[in-house]
Amino acid sequence: VAAVEPLPERRSLLAAALPFTQALLAQVGRTLARAQAALAWSEGSPPSPLLPPPPCAPLSDADLRTYLGPGGRLLRPHDLRLHVYHGGVEPGLRKVVWRYLLNVFPAGLSGQERLAHLRHKAGEYAALKALLAARAAPAELALVGAAVRKDVVRTDRGHPYFGGPEEGHPHLAALQALLTTFALGHPRLSYCQGMTDVAAPLMA
C-alpha cells in the first residue's frame, strides 16, 4: 500500500493499511455468512439463518412414544434431541430421557434390552468400585476420599435430591463413591476440585 500510494510522513503504515484491512474483513465476513447458510441448508428447504426454530412444549411421555418404534426401540434419536433442545423435558421423564441423551444405551435396544443393559452396567460398576478400592493403598484411599468429601458436602443442599441430613444420605454417598471410583480409576488425573459440579447435576 505504501508503495502504490506515497503517504505523508506523519501518516502511519497502520493508517495506510486500514482501507485494505477493512475490505479484507468485509470479504471474509461475506464468505463466512455464505458458508453458514450452506451448512444450515437442510435437504429440500432453503436456509433461514435468521429465523431459529420456535420453542416447543417440554417433552412428554406421549411425545417420547412418538420417537419409539416396536418394542420400544428409539427410531429418531436426532429428532428427540432437537425436541429436548428446543423444549426441555418434563421433570418426571428426565431419568429416562437423559440416558438417551448421554448415550447410556447402545443404538437399537428394545425396552427389555435397555433394562438388561442397565442391570449389566450397574453390576460392572459395583465390581469396578470394589476392585479399585481393594487395590488402592489405605493411605491413597484415605487421601482421595478426603479430597472428594470436601466437595461432596458442599453440594447444593437446597436441591431436593441432595437435601436433608448429611449423615447416611444415600445420594451424597453415591456421589462420594462415584467420584472416588473415578479418581482411583484415573490416577494421573485423580480428583480435581469442581468435579462434583459436573457429576451432581447429572445424578440429580
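Author: Let's start with Arg65 and Asp61, whose side chains meet in a salt bridge with 3.1 Å from N to O. The term means that a side-chain nitrogen of Lys or Arg lies within 4 Å of a carboxyl oxygen of Asp or Glu. Before we go on, please note that this is a predicted model, in which local features need pLDDT of at least 70 and side-chain atom pairs count only at pLDDT 80 or more, while totals for chains, interfaces and linings use all residues. Residues are numbered from 1 along each chain as its sequence is written, and side-chain values use heavy atoms, leaving out hydrogens and water.

Arg65 and Asp61 are four residues apart in helix H2 (residues 61–66), so about one helical turn separates them. Helices here are DSSP runs of H or I with at least four residues, strands are runs of E with at least two, and both are numbered from the N terminus. An α-helix has 3.6 residues a turn, so residues three or four places apart point the same way. Arg65 is exposed at 57% relative accessibility, and Asp61 is partly exposed at 35%. Buried means under 20% relative accessible area, exposed means over 50%, and partly exposed is in between, with a 1.4 Å probe and protein chains only.

By the salt-bridge rule, the count comes to six. Another one of them joins the side chains of Arg76 and Asp79, at 3.0 Å from N to O. Arg76 is partly exposed, with a relative accessible area of 36%, and Asp79 is partly exposed as well, with 31%. The side chains of Glu166 and Arg149 also meet in a salt bridge, again 3.0 Å from N to O. Glu166 lies in the loop between H6 and H7, and Arg149 in helix H6, so this pair ties together parts that are 17 residues apart in sequence. Glu166 counts as partly exposed at 32%, and Arg149 counts as partly exposed at 29%.

Helix H6 (residues 138–152) is also the place of Leu141. Leu141 and Thr180 are 39 residues apart in sequence, and their C-alpha atoms are 8.3 Å apart in space. Leu141 is partly exposed, with a relative accessible area of 30%.

Next, the aromatic rings. A search of the whole structure finds two aromatic pairs. The ring centres of Tyr100 and Phe105 are 5.4 Å apart and their planes stand at 65°, so this pair is edge-to-face. For such a pair, the ring centres of Phe, Tyr or Trp (its six-membered ring) must lie within 6.5 Å; planes under 30 degrees apart count as stacked, over 60 as edge-to-face, and the rest as tilted. Tyr100 is buried at 10% relative accessible area, and Phe105 is buried at 12%. The other pair is Tyr161 and Phe162, edge-to-face with 4.9 Å centre to centre and 85° between the planes. Here Tyr161 is partly exposed at 22%, whereas Phe162 is buried at 2%.

Now for a helix with two faces. In helix H3 (residues 77–87), Leu80, His83, Val84 and Gly87 are buried. Seen down the axis of H3, its buried residues fall within an arc of 95°, so they line one face of the helix. The arc is that of the directions from the helix axis to the C-beta atoms. The face of H3 turned away from this buried side carries the exposed residues His78 and Tyr85.

Finally, two backbone spots deserve a look. Most residues other than glycine have a negative phi, and most peptide bonds are trans. Asn103 has a positive phi near 60° and is not a glycine. Asn103 is placed in the loop between H4 and helix H5 (111–135), and it is exposed, with a relative accessible area of 57%. Ser190, which is not a glycine either, has a positive phi of about 60°. Ser190 is found in the loop between helix H7 (170–185) and helix H8 (195–203).
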